[in-house]
Amino acid sequence: MNNQLLIKEKLQAKLKNIQSKSDGSPITDLQLDKTLVAEIEQLTTELESVNPNLNPLLYATSLLEGAWLLQYSTAREIRSIASLPLGLKLGKVYQVIDVVNKLFFNLAKVKHPLGLVSGCVKVTASFEPAKEDLEPLQNKRINVYFDKRYLSIEKIVGINTPKLNPFKVVSANNPTNRTATLDITYLDETLRIGRGGDGSLFILSKSE
């Protein structure tokens, strides 16, 4: 087994062990002790150093295409959505990418543990390869422009509620005085790692 696969297996095994206590919702660093957070960061950094697709925006766009399931993140927006009011619990969080049209959306499932209500939060966005002075080629960084945020209630006590899907649509927030960016620091057929412009970490697995 080569070094890349060995590191990847170690990272995925650690994340799988942590997520065995959840229902598929992403884990954040705030939920873990500092030692475990440091171990995940170390394995992530090691895996990024053996990235098989250093220019994903040029040579690996087919790998980016499709649906991705968020496994772990240190991002503020994921931390905040993991702490919901009224007893609501965060479920699975997906990112679906349309490379040709340079669009994507984030979809976070939300439900009450007693089955009283379920719904989702969807955020749409567009992106473009960032033009960096030090990089002659479109390398790994994208500029992100958030568009709309959709709040939906899909079911109440098991009954579909199409009139509440969505019940609210608002403009999504973009950072003030800067463009949101994301560096794709690791990419293969089943795993993607990204670093936000604010230093946040995202680890995602390919989803059917």
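This is a short chat about reading a few features of a predicted model.

Colleague: What should I know about the model before I start?

Modeller: It's predicted: local features need pLDDT of at least 70, side-chain atom pairs count only at pLDDT 80 or more, and totals for chains, interfaces and linings use all residues. Residues are numbered from 1 along each chain as its sequence is written, and side-chain values use heavy atoms, with hydrogens and water left out.

Colleague: Is Thr28 buried or exposed?

Modeller: Buried means under 20% relative accessible area, exposed over 50%, and partly exposed in between (1.4 Å probe, protein chains only). Thr28 has 3% relative accessibility, so it counts as buried. Leaving out residues up to four places away in sequence, Thr28 touches Tyr72, Ser73, Ile78 and Arg79; contact means heavy atoms within 4.5 Å.

Colleague: Which residues touch the most other members of the largest nonpolar core?

Modeller: A nonpolar core is a set of buried Ala, Val, Leu, Ile, Met, Phe, Trp, Tyr and Cys residues joined through side-chain atoms within 4.5 Å. Here the largest has 27 residues, and Leu187 and Phe202 touch the most other members. A second, separate core of 16 residues includes Leu11, Leu15, Leu32 and Ile193.

Colleague: What is the peptide bond from Asn165 to Pro166 like?

Modeller: Most peptide bonds are trans, and most residues other than glycine have a negative phi. The Asn165 to Pro166 bond is cis, with omega near 0 degrees.

Colleague: And phi, for Val157 and Asn177?

Modeller: Both are positive: near 45 degrees for Val157, about 65 degrees for Asn177. Val157 is exposed at 53% relative accessible area, and Asn177 is exposed at 80% relative accessibility.
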